[in-house]
Amino acid sequence: MRHVYIRGIMVLIWLAVAVISGISGSLETAGLYVILSGVFLYSAYAVWKKERDTKGGK
């Protein structure tokens, strides 16, 4: 479960960097960071759901 938390923290970091890049005017880089945060978010959700299903959750 720890890796899910780490990936969640990485999502927050990538989103913060995207906001900073957007404010500084580098919209292409901000878009890249938003995409990267989406990939990390999807990865964290997929692992969380897989672990929940294998432990007998709903």
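Reply: The expected span of a helix is 1.5 Å times one less than its number of residues. This model is predicted, and the part examined here is helix 2, which comprises residues 27-54. Helix 2 has 28 residues, and the distance from its first C-alpha to its last is 41 Å, close to the 40 Å expected at 1.5 Å a residue.

The sides of the helix may be considered next. An α-helix has 3.6 residues a turn, so residues three or four places apart point the same way. The buried residues of helix 2 are Ala-30, Tyr-33, Ser-37, Ala-44 and Glu-51. Their cover includes helix 1, residues 2-24.

Ser-37 counts as buried because its relative accessibility is 4%, and buried means under 20%. Leaving aside residues up to four places away in sequence, Ser-37 touches Val-11, Trp-14 and Leu-15. Ser-37 and Leu-12 are 25 residues apart in sequence, yet their C-alpha atoms are 7.6 Å apart in space.

Tyr-45 presents another case. Tyr-45 also belongs to helix 2, but its relative accessible area is 45%, so it is classed as partly exposed; that class lies between the 20% limit for buried and the 50% limit for exposed. Together with Met-1, Tyr-5 and Trp-48, Tyr-45 forms a nonpolar patch on the surface. The accessible area of these residues together is about 440 Å².

In summary, helix 2 contains both Ser-37, which is buried, and Tyr-45, which is part of a nonpolar surface patch.

Methods
Residues are numbered from 1 along each chain as its sequence is written. This is a predicted model: local features need pLDDT of at least 70, side-chain atom pairs count only at pLDDT 80 or more; totals for chains, interfaces and linings use all residues. Side-chain values use heavy atoms; hydrogens and water are left out. Helices (H or I, at least four residues) and strands (E, at least two) are DSSP runs, numbered from the N terminus. Buried means under 20% relative accessible area, exposed over 50%, partly exposed in between (1.4 Å probe, protein chains only). Contact means heavy atoms within 4.5 Å. Patches are made of residues with over 30% relative accessible area and no salt bridge: like charges are joined within 9 Å, nonpolar side chains (Val, Leu, Ile, Met, Phe, Trp, Tyr) within 5 Å. Accessible areas come from the Shrake-Rupley method with a 1.4 Å probe; for residues, only the protein chains shown count as cover. A salt bridge is a side-chain nitrogen of Lys or Arg within 4 Å of a carboxyl oxygen of Asp or Glu.
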